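Subject: Handover of a structural model

Dear colleague,

Please find below the structure that I am passing on to you.

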Amino acid sequence: MRLLMIIGMSLGLLSGAFAVGPEEPKFSAEPDYVEAEKHIKAEAYAKAIPLLVKLDKAFPNEPELLNWLGFTHRKLKNYPVAKVFYDRALKIDPLYKPALEYQGMWFIEMGDIPSAKANLERLRKICAACEETKDLEDALKQAGH
């Protein structure tokens, strides 16, 4: 029994290493991130971008930051730049739901409905009842598809 406890603890099974729920990003308490979130909520996307770029340099290859950069550029109609960030986020994590949703929105805005529907199908396979899936479904319906 003692051997099993030692093995379990070393694997993290008994130590609480397997937390429930999503992890907070390691940069979520950074002042630049907090400020960028405020700007995004206020739809002041241009003000959020330099903060997000700075964070991307400090925390490279974080899908959440890349997705927010794609989102802010898309909202400012900087479509080619938005695409680059969505593509980078999904290259790092092909199952990152927020990037699949927002890239799907980008596809709709570009008139590429088949690609938006492909993103929706990917989302449905990951999580049919998730907010991202519902939001992209709604956007497609609103676009008449």
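The notes below set out what was found, beginning with the basis of the values and the overall fold.

The model is a predicted one, in which local features need pLDDT of at least 70 and side-chain atom pairs count only at pLDDT 80 or more, while totals for chains, interfaces and linings use all residues. Residues are numbered from 1 along each chain as its sequence is written, and side-chain values use heavy atoms, with hydrogens and water left out.

Overall fold

The protein chain contains eight helices and zero strands; helices (H or I, at least four residues) and strands (E, at least two) are DSSP runs, numbered from the N terminus. Along the sequence the pattern therefore reads α-α-α-α-α-α-α-α. Of the 145 residues, 39% count as buried, where buried means under 20% relative accessible area, exposed over 50%, and partly exposed in between (1.4 Å probe, protein chains only). Taking contacts between residues at least 6 apart in sequence, 46% join residues at least 24 apart; a contact here means heavy atoms within 4.5 Å.

The largest pocket

The largest pocket has a volume of about 530 Å³. On a 1 Å grid over the protein atoms alone, a pocket is an open set of points with protein on both sides within 12 Å along at least five of seven lines, whereas a cavity is a set of points where a 1.4 Å probe fits but cannot get out. Lining residues have an atom within 4 Å of a point. Grid points are joined across faces, edges and corners, and the volume is the space filled by probe spheres set on the points.

The lining of this pocket is made up of 21 residues, and Pro 25, Glu 64, Trp 68, Tyr 96 and Pro 98 lie nearest its centre. Two or more lining residues come from each of α2 (31-41), α4 (63-75), α6 (97-110) and α8 (131-142). Helix α4 gives the most, with four residues. By type, the lining divides into nine nonpolar, two polar and 10 charged residues; Ala, Val, Leu, Ile, Met, Phe, Trp, Tyr, Cys and Pro count as nonpolar, Asp, Glu, Lys and Arg as charged, and the others, Gly among them, as polar.

Thr 72 is found in helix α4 and is buried, because its relative accessible area is 0%. Leaving aside neighbours within four places in sequence, Thr 72 is in contact with Ile 40, Tyr 45, Ala 48, Ile 49 and Leu 52. Lys 75 also lies in helix α4, but counts as partly exposed because its relative accessibility is 38%. The C-alpha atoms of Lys 75 and Ala 46 are 9.3 Å apart in space, and the two residues are 29 apart in sequence.

Glu 131 is found in helix α8 and is exposed, with a relative accessible area of 58%. Its C-alpha atom is separated by 9.3 Å from that of Glu 101, 30 residues away along the chain.

The disulfide

How many disulfides does a search of the whole structure find? The search finds one, and this disulfide joins Cys 127 to Cys 130, with an S to S distance of 1.7 Å. The criterion is a pair of cysteine sulfur atoms within 2.5 Å. The link is right-handed, with 95° about the S-S bond. Cys 127 is partly exposed, as its relative accessible area is 23%, whereas Cys 130 counts as buried at 10%.

Loop residues

Lys 26 is found in the loop between α1 (2-10) and α2, and counts as exposed because its relative accessibility is 62%. Not counting residues up to four places away in sequence, Lys 26 touches Phe 59 and Glu 62. The side chains of Lys 26 and Glu 62 make a polar contact at 3.2 Å. Such a contact is a pair of N or O atoms within 3.5 Å; within protein, one must be able to donate a hydrogen and the other to accept it, and residues adjacent in sequence count only if both atoms are side-chain atoms.

Most residues other than glycine have a negative phi. Glu 43, however, has a positive phi near 60°; this residue is found in the loop between α2 and α3 (45-58). Lys 77, in the loop between α4 and α5 (79-92), has a positive phi of about 65°.

With kind regards
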